[in-house]
Amino acid sequence: MPTHSTAHPLKIAIFVSGQSRGSNMQSLIEDCKSELSIASVGVVIGTRSDSRALERARESNIQTTVVSPIKKTAAGNVENSDYGATLLRILRKYDIGLICLAGYMRILPPIVVEEFENRIMNIHPALLPLFGGQGMYGENVHKAVLASGMKIAGCTVHFVDQHYDNGPIIMQTVVPVLDEDEFGDLAARVLKAEHKTYPEAVQLFAQNRLQIRGRRVKILTIALAD
Ligand code: GRF
């Protein structure tokens, strides 16, 4: 089941949220600029114009756009009912073949998940299926790992479905939990692993070397035929 045709270079869209630092976004941008990359970043889509991640994307000469999932009305804030349709319009405009969530804190609208089935990735700062789900983000994750007493931690790149941190796992990188670790130490060690793992997973997708079978993702040595 090919997920991407290698006949066309892959264009990716990176989704960030208001509070994103943009470090994973930056690692994807850098990797896509390398000579060996067969993917490029078409656009970074944010939820708020004042986000640091969008500023960093612009500094790297990447197209950015903001689509707010929330609409301000006289009666207060409501969900923006056009959010999904607007995202799809932008994704088509930039001819996007893969969406990469990088610190995007929401569930994507169902129409986007349907249209991009098996073509949306996320990175999570833990070894899923442990320490995932709603509320498991940022320091909450690393504090929970330390509290659990686990000797290993790490990150997971996975395909995205309608639930938080739930789709088929593509790659995981393990790091040790050291005796003296505070959550900041662990967070930094995991983040370093994230910056290496996410670009690798994206390049495998671009090379059409990911084969999804149920919940398992096989990494092929030879690309699938288009
Ligand atoms: C990362 O820890 C990532 O795993 C999670 O959100 C965080 C984003 O950090 N999904 P950054 O904005 O990429 O620095």
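By class, the lining of the largest pocket has 17 nonpolar, 15 polar and six charged residues, where Ala, Val, Leu, Ile, Met, Phe, Trp, Tyr, Cys and Pro count as nonpolar, Asp, Glu, Lys and Arg as charged, and the others, Gly among them, as polar. Before going on, note that this is a predicted model: local features need pLDDT of at least 70, side-chain atom pairs count only at pLDDT 80 or more, and totals for chains, interfaces and linings use all residues. Residues are numbered from 1 along each chain as its sequence is written, and side-chain values use heavy atoms, with hydrogens and water left out.

Back to that pocket. It holds about 930 Å³ of space and is lined by 38 residues, with Gly-103, Met-105, Pro-125, Tyr-137 and Gly-138 nearest its centre. The elements giving two or more residues to this lining are α1 (23-33), β7 (120-124), α5 (139-148) and α6 (183-206). Of these, α6 supplies the largest share, five residues. Helices here are DSSP runs of H or I with at least four residues, strands are runs of E with at least two, and both are numbered from the N terminus. As for what a pocket is, picture a 1 Å grid over the protein atoms alone: a pocket is an open set of points with protein on both sides within 12 Å along at least five of seven lines, a cavity is a set where a 1.4 Å probe fits but cannot get out, and lining residues have an atom within 4 Å of a point. Grid points are joined across faces, edges and corners, and a volume is the space filled by probe spheres set on the points.

The second largest pocket has a volume of about 310 Å³. Its lining has 14 residues, and Thr-47, Arg-48, Ser-68, Pro-69 and Ile-70 lie nearest the centre. Sorted by class, that lining has four nonpolar, seven polar and three charged residues.

Strand β8 (residues 152-159) gives the most to the lining, with three residues. By class, the cavity lining is eight nonpolar, one polar and no charged.

Between β7 and α5 there's a loop that holds Pro-129. A cis peptide bond joins Leu-128 to Pro-129, with omega at about 10 degrees.

Now for the strands. Six bridges join β1 to β2, and the two run parallel; strands count as paired if DSSP finds at least two bridges between them. Within this pairing, Ala-13 stands opposite Val-43 in β2. Seven of the eight residues of β2 (residues 39-46) are buried, so this strand is largely enclosed by the rest of the structure. Buried means under 20% relative accessible area, exposed over 50%, and partly exposed in between, using a 1.4 Å probe and protein chains only. Over in β1 you'll find Leu-10, which at 1% relative accessibility counts as buried. The C-alpha atoms of Leu-10 and Ile-170 are separated by 18 Å, and the two residues are 160 apart along the chain.

The structure holds two aromatic pairs. In one of them, the rings of Phe-15 and Tyr-104 have centres 5.5 Å apart and planes at 85 degrees, so the pair is edge-to-face. Rings of Phe, Tyr and Trp (its six-membered ring) pair if their centres lie within 6.5 Å; planes under 30 degrees apart count as stacked, over 60 as edge-to-face and the rest as tilted.

The charged end of Arg-119 sits over the ring of Phe-116, 4.4 Å from its centre, and Lys-143 lies over the face of Phe-183 at 4.5 Å from the ring centre. The criterion is NZ of Lys or CZ of Arg within 6 Å of the ring centre and within 35 degrees of the ring normal.

Last, a look at the backbone. Asn-118, in the loop between α4 and β7, has phi near 60 degrees, a positive value in a residue other than glycine. Asn-208 has phi near 60 degrees as well; its place is in the loop between α6 and β10 (210-213). At 0% relative accessibility, Asn-208 counts as buried.
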